[in-house]
Amino acid sequence: MAKPDDRSDNVEKIQHAISNTVENFREAEDFVQAHRDEMSAKDLADIDAKNHRRQEAIEGFRSEMKDEARSQRT
């Protein structure tokens, strides 16, 4: 028999994912600040693209978190 769908901690899990993604974003920015002169243009572009995807992911997580919080209230 399948387990019941327990979504009670989804908001917490999404918040954790947001925190991790923000931390990774900041670490990448700090790394670039410290090593920009040693990095190739391709490496800089790759990190920039990755951080852009991280920003999009954070926006998606926040939207999902709002939806989950709303559904838990009803």
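**Salt bridges, burial and a nonpolar core**

Modeller: Asp-67 and Arg-70 are both in helix α2, 3 residues apart, about one turn of the helix. The model is a predicted one.

Biologist: What makes the meeting of the Asp-67 and Arg-70 side chains a salt bridge?

Modeller: The N to O distance is 3.0 Å. The cut-off is 4 Å between a side-chain nitrogen of Lys or Arg and a carboxyl oxygen of Asp or Glu, so the pair qualifies. In general, side chains of opposite charge can pair when their charged atoms come close.

Biologist: How many salt bridges does the structure hold?

Modeller: There are 3. One of them joins Asp-46 to Lys-42, with the closest N and O atoms 2.8 Å apart. Both residues lie in helix α2, 4 residues apart, about one turn of the helix.

Biologist: Why is Lys-42 called exposed, and what is Asp-46 called?

Modeller: Lys-42 has 56% relative accessibility, which is over 50%, so the word is exposed. Asp-46 has 37%, so Asp-46 counts as partly exposed.

Biologist: How do you know that Asp-9 forms a salt bridge with Lys-13?

Modeller: The closest N and O atoms of Asp-9 and Lys-13 are 3.7 Å apart. That is within 4 Å, so this pair also meets the definition. Asp-9 is partly exposed, because its relative accessible area is 27%.

Biologist: Why is Thr-21 called buried?

Modeller: Thr-21, in helix α1, has 14% relative accessibility, and that is under 20%, so it counts as buried. Leaving aside neighbours within four places in sequence, Thr-21 is in contact with Arg-54, Ile-58 and Phe-61.

Biologist: Which residues of α2 are buried, and what covers them?

Modeller: The buried residues of α2 are Asn-51, Arg-54, Ile-58, Met-65 and Glu-68. The cover over them includes α1, residues 10-35.

Biologist: Which residues make up the largest nonpolar core, and what makes it a core?

Modeller: The largest nonpolar core has 5 residues: Ile-14, Ile-18, Val-22, Ile-58 and Met-65. Two or more residues of this core come from each of α1 and α2, with the largest share, 3 residues, from α1. The name applies because such a core is a set of buried nonpolar residues joined through side-chain atoms within 4.5 Å.

Biologist: What is Ile-14 in contact with, its neighbours within four places in sequence left aside?

Modeller: Ile-14 is in contact with Phe-61, Glu-64, Met-65 and Glu-68.

Biologist: What is Gly-60 called, buried or exposed, or something in between?

Modeller: Gly-60, in helix α2, has a relative accessible area of 36%, so Gly-60 is partly exposed.

Biologist: How does the reach of helix α2 compare with what is expected?

Modeller: Helix α2, residues 41-73, has 33 residues and reaches 48 Å from its first C-alpha to its last. The expected value at 1.5 Å a residue is 48 Å, and the reach is close to that.

Key. Residues numbered from 1 in each chain as written. Predicted model: local features only at pLDDT ≥ 70, side-chain atom pairs only at ≥ 80, totals over all residues. Heavy atoms only, no water. Expected span 1.5 Å × (residues − 1). Buried < 20%, exposed > 50% of the residue type's maximum accessible area, 1.4 Å probe, protein only. Contact = heavy atoms within 4.5 Å.
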